[in-house]
Amino acid sequence: MEWSDEGIVLAVRRHGETSAILSLLTAEHGRHAGLVRGGASRRMRGFLQPGNTVSATWRARLEEHLGAYVVEPLHSCAALYDRPGPLAALTAAMALLESTLPERSPHPEMYRSLGVLLGALERPDWAETYVRWELLLLADLGFGLDLESCAATGANDGLAFVSPKSGRAVSLSAGEKWRDRMLPLPRFLSPEGGAADARQVVDGLRLTGWFLERHVFEPHDRRSPDARERLVTHLRGLDADRRDIV
């Protein structure tokens, strides 16, 4: 068995003294792991980092075997390593994909959207883009939210909440009396749009996190990755200090 593809590094785990188990999100073969001989060497550790893009050839005697990778670097995310916020978003995205996508199942849309996200992490609006990316992940897993119109009235203006049961938007007038049971809908995710501050981004992550926990993690008796919680903590700190998102 053999194939070649491009892939984005999700995780690397040391295996023995000199090798590593590499998990990639590939363009055509989905989330796929393989052994990299010499993957623990200094040269290979330099580019086998989460978020980096590689060209990979996978070989195995049988399809169900772990198999081995031969990889070469294509693109590095090293420019993000000295920016705490974007780096936290990068590690959160990699951890979510590693823990939610079924192995060896093609997800071409998620591969494309991850590439877009990695490029956006270098821009000032990186945090908004990250929240939108989590919405795309929910949709790709089959749990998309409907934030375009009110579940009660059908109107697409004045949207302020999201039903925690249906995942549909609800207008301020229709949902006011159930406010304490609703999830807030950040304005930048509504059809009205607009720029987002740290508080709105945290509300956006609360929204996506609710449905990730309900539909993805709780049914399998798992919890959200620690890397995602660190991103939320970082953004909450910016909100508390009233600092701009960086």
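Here are legends for several close-up views of this predicted model. Local features are described at pLDDT of at least 70 and side-chain atom pairs at pLDDT 80 or more, while totals for chains, interfaces and linings use all residues. Residue numbers start from 1 along each chain as its sequence is written, and side-chain values use heavy atoms, with hydrogens and water left out.

**View 1. Trp-3 and Trp-58 stack on each other.**
The structure holds 3 aromatic pairs, and this view shows one of them, with 5.8 Å centre to centre and 25 degrees between the planes. Trp-3 sits in strand β1 (residues 2-15) and Trp-58 in strand β4 (residues 53-59), so their pairing ties together parts that are 55 residues apart in sequence. For the ring terms, Phe, Tyr and Trp (its six-membered ring) pair if their centres lie within 6.5 Å; planes under 30 degrees apart are stacked, over 60 edge-to-face, and the rest tilted. Helices (H or I, at least four residues) and strands (E, at least two) are DSSP runs, numbered from the N terminus. Buried means under 20% relative accessible area, exposed means over 50%, and partly exposed is in between (1.4 Å probe, protein chains only). Ring pairs also bring in Tyr-69, linking it with Trp-3 and Trp-58 into a cluster.

**View 2. Tyr-130 and Trp-133 make a tilted pair.**
The ring centres of Tyr-130 and Trp-133 are 5.8 Å apart and the planes are at 35 degrees, so this pair is tilted. The two residues are 3 apart in helix α4 (residues 126-140), about one helical turn. Tyr-130 is buried, with a relative accessible area of 1%, and Trp-133 is buried at 2%.

**View 3. Glu-128 is buried and has no salt bridge.**
Staying with helix α4, here is Glu-128. Its nearest side chain of opposite charge is Arg-132, 4.7 Å away. A salt bridge needs a side-chain nitrogen of Lys or Arg within 4 Å of a carboxyl oxygen of Asp or Glu. For charge, Lys and Arg count as positive and Asp and Glu as negative, with His and the chain ends not counted. Leaving aside residues up to four places away in sequence, Glu-128 touches Phe-188, Gly-194, Ala-195, Ala-196 and Val-201. Contact here means heavy atoms within 4.5 Å.

**View 4. His-75 is partly exposed in strand β5.**
His-75 belongs to strand β5 (residues 68-75) and has 47% relative accessibility. Apart from residues up to four places away in sequence, His-75 is in contact with Asn-52 and Thr-53. Ile-8 is 67 residues from His-75 in sequence, but C-alpha to C-alpha they are 9.2 Å apart in space.

**View 5. Three strands form an open sheet in the order β7-β6-β8.**
The pairing in this sheet is antiparallel. Strands β7 (169-171) and β8 (183-184) stand at the edges with a single partner strand each, so one side of each has no neighbour in the sheet. Strand β6 (residues 159-162) is joined to β8 by 2 bridges, and two strands pair if DSSP finds at least two bridges between them. Look for Phe-161 opposite Pro-184 in β8.

**View 6. Cys-77 and Cys-150 are both buried.**
Cys-77 has 5% relative accessibility and Cys-150 has 1%. The structure holds 0 disulfides, a disulfide being a pair of cysteine sulfur atoms within 2.5 Å.
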